[in-house]
Amino acid sequence: MISFSNISKQYGGQILFLEASFHLGEAEKVGLVGPNGAGKSTVFRLITGEEQPDDGLVDRPKRTTIGYFRQDVGDLRGRSVLAETLSGAGEAGRLGEEIKELEAKLNDHEAPDFADAVERFGEVQARFQELGGYDLEARAHAILAGLGFSADQVAGDVGNLSGGWKMRVALAQILLAQPDALLLDEPTNYLDIESILWLENFLREYRGAVLMTCHDRDVMNRVVKKIIEIDAGEIKSYSGDYEFYEQQRALATAQQEAQYERQQAMLAKEKAFIERFKARASHAAQVQSRVKKLDKIEKVEPPRRLIEKTFDFRKAPRSGDDVINVDGVKKQYGAKLVHASTSLLVRRTERWAVMGENGSGKTTLLKMMAGVLEADSGKVTIGASVTMGYFAQHQMEQLGADRTVIEELVAHSPTTNLGTLRSLAGAFGFHGDDHEKPIRILSGGERARLALAKILFDAPNLLVLDEPTNHLDLVTKRALVKALAQYEGTIVFVSHDRAFLRAIATRILELSKDGARVYGGSYDEYVATTGREAPGMRQAS
């Protein structure tokens, strides 16, 4: 359906693609992967026609409809969430708006253009019905419910929503439009686990093609059947899910490494012979023969390896055995009771995942634990010798926008040696010139890494983490999981990432309207016990 044929694209001195090719077939589900800056977003823009290749051909049939979800949604306001969703429903949405206008005209039989309106109404209505327009509003409601919108939110002004919820509206628009090809740039970034599970089912059953970048490996493993990798100007295709891609890439890297080392050993042997006998007339013919042989050999390149990040924790001092005691806390926002009487005892080295649907009070509980929010009643007691590191999304916004990365670290720990802080920055993926990047130009993932670096440098023995993997790429998530596996302190966290939950949690606290329930065991044990991956599973429709 969509083909890249020998595409070359370059920005200044940076070559993104060099004679690269791939094909996206009808109804194919494809994951697009590659390091930051490799050109994933450029692929999307080339497909939509927003950019043109320097060379080569992007073949996209004229009648192919494309929906592109990106990370900037603009300023949505002035309409209800439902109306905004319907407005993005492609041709059917536009025809629906026109039907409403025509119906108003048909009420005035004396209008001079009444006859034209009648004729146009018949044409529009027929096409609207052909496109399934009369089911449009029902489908919009189903999609919005799947993405976590309450009935009140659906009827409310989209302008009152936060940026993350506006992103959900933009995603709903594109899903409702049902284009032939969905281009999705990190669609799970602002979704809770229930909405991610709903989207996962929706995409699996979607009749059109899907090309997506996604930092959630469970989604990639369950939705996509092919991986397209961009790296160093090349595009390679792998049949299979993300896990199979990783295996095949590792196997290909190992094979190339072995081939490279064999050739290097052979070259070293030949060069040693040439060096040893080049001055001897008796060996001149042999030396010349080997020189010519080396000149003709096609050199095997060393394999390109994904740069694995490593986060190092300084050893934290030991805390007391009782780390946090939450005793019958109550919290209410206006008429909404979030916590009626929640209790929890967190003991040293435990790793608690707090789960629950939107509005169940997960973030509120973490804020009360961290001391940034007072309970209306009840008590939160921090144990003896506990030092806390608290990570929340708002902390990324509190980074000094006009500071550089290294200046932010110096401001956080002014008495620490600059070399130590540069090493800290490097451990969290900031290398060389990255140290001098102004924070205002950092991506969401880079800001999250910097905020985590500040917290973890202080070596707390308790980590309270609210969505720590939001905006982190798969490589950085893997590094964080490895680091937390070695961490000797206590962790209480909220996460929508199932791979992270699976790797970290040893206890589950599930919050619901019926109160708090404790599951003593890992996330996989929680799934086995409850028969669901999240407290508020929503079915795709």
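Me: What do the numbering and the values rest on?
Reply: Residues are numbered from 1 along each chain as its sequence is written, and side-chain values use heavy atoms, without hydrogens and water. As the model is predicted, local features need pLDDT of at least 70 and side-chain atom pairs pLDDT 80 or more, while totals for chains, interfaces and linings use all residues.

Me: What volume does the largest pocket have?
Reply: Rolling a probe the size of a water molecule over the atoms shows where empty space is left. On a 1 Å grid over the protein atoms alone, a pocket is an open set of points where a 1.4 Å probe fits, with protein on both sides within 12 Å along at least five of seven lines. Points are joined across faces, edges and corners, and a volume is the space filled by probe spheres set on them. Here the largest pocket has about 1100 Å³.

Me: Which residues are closest to its centre?
Reply: They are W165, N358, T363, Q393 and E467, out of 39 lining residues (those with an atom within 4 Å of a point).

Me: Is A459 buried or exposed?
Reply: Buried means under 20% relative accessible area, exposed over 50%, partly exposed in between (1.4 Å probe, protein chains only). A459, with a positive phi of about 55°, is buried at 9%, whereas Q178 is partly exposed at 45%.
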